[in-house]
Every structure is written in structure tokens, then in C-alpha cells.
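Biologist: Please put the model up on the screen, and let us go through it together.

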Amino acid sequence: MRRKPLSAALLATALLTVAGCSGGGAPSTETATAPSDADKVSGSIKVLTNRTDLVQDGTMKKYAAAFNKIYPKVKVSFEGITDYEGEVKIRMNTENYGDVLLIPGVIAKGDYPKFFAPLGSTGSMKKKYRFTGKTDVGGKTYGIANFGTANGFVYNKALWKKAGITDWPTTPAQFLDDLKTVKDKTGATPYYTNFKDGWTLAGPWTNSVGSPSCDARAWDALAAADKPWAEGGDLDVVDTLLHDVVRGKLSEKDPTTTNWESSKTQLAKGQIGSMLLGSWAINQMRDAAKKAGEKPDDIGFMPFPVQKNGQFCATMVSDYQLAVNAHSEHKSAARAWLDWFTEKSGFAAKEGGISALKADKLPEVLKPYEDNDVKLVERSEAKTEDVNAIDDAAEIGLSKQDYRQKLIDIARGAQDGDLQGYFDDLNKRWADAAAAAGS
Amino acid sequence: MTHTTSTAPPASHEPPPAAAARRRTKRRTGPARSWRDHPLRRITPWLFLLAPLALLVTFTYVPVANMIYYSFTDWDGVSPDRNFTGVENYTQLFTRPELFRVFFVSFYYLAASAVQIVIALYFATVLSFDLRFRNLFKGILFFPYLINGVAIGFVFLYFFQDGGTLDSILSWFGVGGDHAWLGDPESANTSLAGVSVWRFTGLNFVLFLGAIQSIPGELYEAAQLDGAGRWQQFRHIIAPSIKPVLSLSVILAISGSLAVFEIPYIMTGGATDTSTFVIQTVKLAFQFNKTGLASASAVVLLLIILLVTWIQRRIVPDDKVDLV
């Protein structure tokens, strides 16, 4: 008799576990095609977004209203999610993850067909859109970029001018000299790592892979690389620069308690010299400058300080990609929204991003790049899945902050080790993981 | 009640005729078939238990069973496919000693827990005697425990900032505050453990205070009559009577130190060698998409904590306290 509750509980547990493990039905592989007649398409669709700010201040509603002028029978609702990656990852285990969503970074590329409806063959999509390679699986494209972003240093022009620097540095050594001059002449913090918030160490630095070598396939090459941090490789150039900046005490004094929001104001006010970010950040910095009563035009943008054949290069990578849920019941309405949002909403231009449409001009924020003939390199994503698989297996996290936080700790002497030793260790972990993944 | 009695007929020894008749008929039907034997009656406790059991099973046992199941797969956390890999995750876990190195960080928290218990015990003893503003002090000591851990993380981030609260307070006393508190592993871990002491002292304090206050007052009086001082009262009355609570606190402290998460995760994210076993597990699951390996880590942590608790119970058995 006393045993009963326990065994009953165990039985129930076992049953529920089994039930919980058998997921939903197989998704359909039907292509989400754009409707031919705007008046006929109907249904209500839900759009998941990470931009909670735009949902709250009604900007998204305005987009929906403009959309409804063309597609009057489609009802669009939005769901802003603060912890987008974390929450959507869990929801992807069900069928209920909106009709249109941003593809979370955690989904392996090879799994896209299981979650999203194909949008068309890559061959034809490629002609119209940038960044299709990122979601191309088996010749079909599964997502269209929200917008793209070019990499480079956001810097305070007025501050650099005050230090007597007007030209962009062309080598890492010159960049370090310039930072030192800024520090000596103005007393400002020449570079800000945003160590505590971390993501600033992940995305912007890793996205710069391809800038030094001016090679669109630099990222793909990692899939076959034996030693990604080998001398002269892009990761070596990029990470060595970060190391040297910190080692030369050219970054903030106490990196462990940094604050992203306040760093924007500090940059605008000229207390911080530069930060490596994407072109998307320029508008945010300009807003911060306006709020702080400074001139928005003082915010400048410069490419990574390496020239190839006398020309600067900057990688161009896609932001989140919009996709249609494979389980959606209103695929054509969803596709209509997706197309309208990327082509007609003007969202990319407003955010200072590079439009996904090849026909569109570069945004105004990239004018300094255009004026100075900086070559924009669209990063190829053909091998992204392999690179990510090795990266995960090696537990390095190229697009995570941890390994660069350790790099900074080594550079400022908070942890034992030296740069070369650390690179050797990373190389070894990468090689081991690549060997294991290949077998 | 009063209403019924006032309207009821005057009490009599004889039951009303109808009721008496009923009773008689009942008695006549022979051996009573008690309500106790009614099947519904037997089920009743289970019906009452249904709701809590359903909740317990759904929210405790099913997730744990799922976790154990995941620990035998190579699931990445999202993919609809997962392969059964047997004990591979466990083999990997135990053949990679660097995964266990993070337990060194737990020693900082363990040392901090010892300090915490001593502080809590001291204040609980002092405040169990009749003091002025006793309740105010109790409130002040318990207050930090009521604050959300994430909020504490942010508050202390400003506290330890370069030129932040701690530095300004130190500078009032002329101590040059140029130390990056979260800057190097030793200082960072000590600072974080300090925050944890600040946060959890209140909980230990309340546990101790509750135990101390359940000691009958006569014992103190008797002890005073016998000429016992405060220290002797503590040594011979308070200490033995709170022993079970003390040993509970130690168990909580050890398992807590092994499973620290919130404070370091919010404040440093595990950077600068402040990563704990739980942070490492979370990173395995959510950064490197090794949900299987992370589940195995979680199972191992659970087993370690059970083991430590078991060892401790063997060393310090929970004997009954009998003061009177």
C-alpha cells in the first residue's frame, strides 16, 4: 500500500516522458509563394520580433497599417520577445512559433527545412537578394535578410581631430599608434571593449573575419582550416589587434564593469575614442549624441585598419533573416508580409542597414565607405554549418564572447598565459574538433 | 451558534421521536455497514491528493526524467532529431578533467558560507535576547534575502564599478580605491562570494532565530539562577538545541556552494575564471548546443550533492535533541 503512490508517480512520469518526446507531425515542404492577387490573400499572421522597442512604441503597427493598404484582408499581429534567442529556441520545439520569424542563431543550417518553408530556389533568389547564401540549403532559400550590416570602427571624429589624426590608419600598428596619440593628447579612453556586456566582443570582431584578407570566403575557409589562428590569418590579425589594444592599456581601465548604454553617450561626448561595431550602430550613436547635446555628425565610421592592394575592405554580413514557419496555415499571407517588409517598408534604410535587395542603394551611414572607396565584401556562408559544428564541438564559441574575454584577461594580466600560448591552445582545440567532426 | 440555540426547543434527554425511530431502525439492520468502508470514502484522500500530485509529477518528476533521458542522447536543444548515444556523454564528462576544474571556484563560496553561518549565528543569538530595536535589526538582516537575485547582481555591479560605491566609501577613509574588484580571478571570486554572504545571511539568521526562540524560557532562567553567563548559556543551551538546524544549514551551504549560479552569471557571466559548474552547464547547453552533455552534467551535479549530503549525514548523525 505504501509503495503505491511512488509507483503511480513513476508510471505517470514515464508515460508523460514518452508523450513529451514524440514531437509534432512532420512539417510540410510546400513553398511559401507570394500571392498573385493582393486582394484575395487573407488570414491573420503573427510576426515574432526581437525589436520590443518598435512593438511598444507603435512603429510596427504603422508598418502593419501601411501593409494593409495593399493587402486589406491580412491581419498582422506582432510579438516582441526580449530574450529572443533563448525563448524562440524553446518554442521551436513546438509548432507554435509565429508565422513569420527571425531565424534564431542556434538553429543548425541543415535543419532549416524542418522548421521553415522554402521561399524559392536560390538560383533565382540570388539575382534579386543579397545574403541568400546564409539560408541556402540544398538549392532552396529559407530566409531573407532583415538588413545587412558592414563592419568597422565607430569613432568620435572630433576627438580624433583634436588629437591631430584625420586619416584612417592603414595598418594595425598605425591604429595602435593613433589610439596612443588619442590617449596622450586628449585623455580619453581610446578604445572601449564593453567586456561586461560581451556581445560587442563576439559579433563585431568575428564578423571582421574577411576584412583583413579582403576575402569573401575567409569564413568558409575555417571549415577546412587546420590552424585558424595561424600567423597572418584573419582571426590572428583580428584577435592580435584586440590583444595589443588591451595590453597597451588603450582600453577602459576596469573592463569587468562596463555598460553598453552609457558607453554610447561616452563615445558621443568624446570620452571614448572608438568601438568596433557594425554600421547599424551609427544611428544609435548619433541618437545618443543628440541626446547628450553633441553634434551627431561627429560620429564617424572607419574600416578595419588593414589594406589589401592599397584598398580597405569591410565585410558585409546579414542581420537576422526573416523566414516563414513551415507549420504556418497562412503561408502566402506570411510571404506577402515578408516581401513587403523587406522591399517596401523602408525598415532597412531607417535602421541604417544595407537593404537585402541588390537594387537598393547603400544606406546614408555608409557614405564614408563609398567616398573612400572601401570595398564591401559579402561574406559567403556556404560552409557556415560546418564551421559552426566545429566551433560548437571545440567549445570555443567564435560568435560568443567567452574566448575573447579570456583573451582580454590574458592581455591585461588577470589570467596566466600569453597570446601565442592561447592561440596554440585554440588551434589545437579547433583541430581536434575538426578531426572528430570529420570522422 | 447562539441563534440556533435560542430557537431550538428546550433541551430534553429524549431525542425527537422521528430521529429516535430512525436510529432504532438502523440498529435493527444488524452489523453496521460503516461509511468508512464505502469505496468513495477510500478514494477521497486520493482525490484530494490528485491536484498536488499532478503538479508535482508534471513540474518535478517529468522534467527530471526528461533530463535524464536527454543525458543519454546527443540532442542539440532544438533539432527534432536526437540519437541515443548511451553513456557517451558521461564518458566524455569524466574524461575531461577541465570540466571539473570549475569546482575550485566553489571553495570561495564554501569559505564564504562558513563566514555566513558564523555571522548569522552571532546575530541570531544576540537578537534572541531582549534588545532595543530588536525587530528593526531582524528586518535589516533579513531584508537582502527578499531581494531578487538578478537585482542584487546589478546593484553590486555598480557597487564594484571603477569609481563606484565601494571605491567612494573607501576613499572617505583615505584608502586609495584603485582596485578593479572584479578584475582578477581571486578578487572577483572573493567579491562575488561576499555578495553571496550579504544575500544569504538573512536566511540562515531566520532559521537560527526560529530554532533559538523555540527554546523554553525557563531554561535560561534556571541557568541564570545557577550563575551561568551569556557564553555558558550559548554553549550549553542554545548550541545543542539548534544542532539540527545548524546541520541543515551546513548541508544547504555545501550544496549551495556547488551550485552557485545567479550572482556570478549576472555580474561577470563567468568571465575571469568566475565560472561555476552550473554556469558551465548552462553554457554547454545554450552556447554550444550540447544539451545532452549539459544534461549529463546536471545529473552528475545532482549525484555529487546527494553524495556529499549522505557522507555528511554519516559523519554527523541527526540524533534527537532532548534538553529537558
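Biologist: Let me start with a glycine: is B:Gly174 buried or exposed?

Modeller: This is a predicted model, in which local features need pLDDT of at least 70, side-chain atom pairs count only at pLDDT 80 or more, and totals for chains, interfaces and linings use all residues. Residues are numbered from 1 along each chain as its sequence is written, while chains are lettered from A and ligands numbered from 1 in the order in which they are written. B:Gly174 lies in the loop between helix H8 (165-172) and helix H9 (185-213) of chain B, where helices (H or I, at least four residues) and strands (E, at least two) are DSSP runs numbered from the N terminus. Residues with 20 or more other C-beta atoms, placed from the backbone, within 10 Å of their own are buried, those with 12 or fewer exposed and those in between partly exposed, so B:Gly174, with 7, is exposed.

Biologist: Thanks! And what distance separates the C-alpha atoms of B:Gly77 and B:Asn289?

Modeller: B:Gly77 sits in the loop between H3 and helix H4 (88-94) of chain B, and it counts as buried because 21 C-beta neighbours lie inside 10 Å. Leaving aside neighbours within four places in sequence, its contacts (C-beta atoms placed from the backbone and within 7 Å) are A:Lys89, A:Val106, B:Ala285, B:Asn289 and B:Thr291. By way of contrast, the C-alpha atoms of B:Gly174 and B:Ile304, 130 residues apart along the chain, are separated by 46 Å. B:Gly77 and B:Asn289 are 212 residues apart along the chain, yet their C-alpha atoms are separated by 6.2 Å.

Biologist: Two residues in the contact list of B:Gly77 belong to the partner chain. Which element gives the most to the side of chain B that touches chain A?

Modeller: In this contact, 32 residues of chain B meet 29 residues of chain A. The elements of chain B that give two or more residues to it are helix H3 (39-70), helix H7 (149-160) and H9. By class, chain B's side has 17 nonpolar, 10 polar and five charged residues, with Ala, Val, Leu, Ile, Met, Phe, Trp, Tyr, Cys and Pro taken as nonpolar, Asp, Glu, Lys and Arg as charged, and the others, Gly among them, as polar. With seven residues, the element that gives the most is H3(B).

Biologist: How are H5(B) and H12(B) oriented to each other?

Modeller: The axes of helix H5 (103-128) and helix H12 (243-258) of chain B come within 8 Å and cross at roughly 155 degrees; axes are lines fitted to C-alpha atoms, for helices over the stretch in contact, with angles from 0 to 180 degrees between N-to-C directions. B:Ser106, B:Tyr109, B:Leu110, B:Ser113 and B:Ile117 in H5(B) meet residues of H12(B) including B:Ala253 and B:Ile254, a contact with six nonpolar, five polar and no charged residues. Angles under 35 degrees count as roughly parallel, over 145 as roughly antiparallel, 65 to 115 as roughly perpendicular and the rest as oblique. H5(B) and H12(B) are therefore roughly antiparallel.

Biologist: Which loop holds B:Asp273, a residue other than glycine with a positive phi?

Modeller: Most residues other than glycine have a negative phi. Phi of B:Asp273 is near 55 degrees, and B:Asp273 counts as buried because 20 C-beta neighbours lie inside 10 Å. Its place is the loop between helix H13 (262-267) and helix H14 (277-286) of chain B.

Biologist: And in chain A, how many C-beta neighbours inside 10 Å does A:Glu395 have?

Modeller: A:Glu395 has a positive phi of about 55 degrees although it is not a glycine. It lies in the loop between helix H17 (384-394) and helix H18 (402-411) of chain A. A:Glu395 counts as buried because its C-beta neighbours inside 10 Å number 21.
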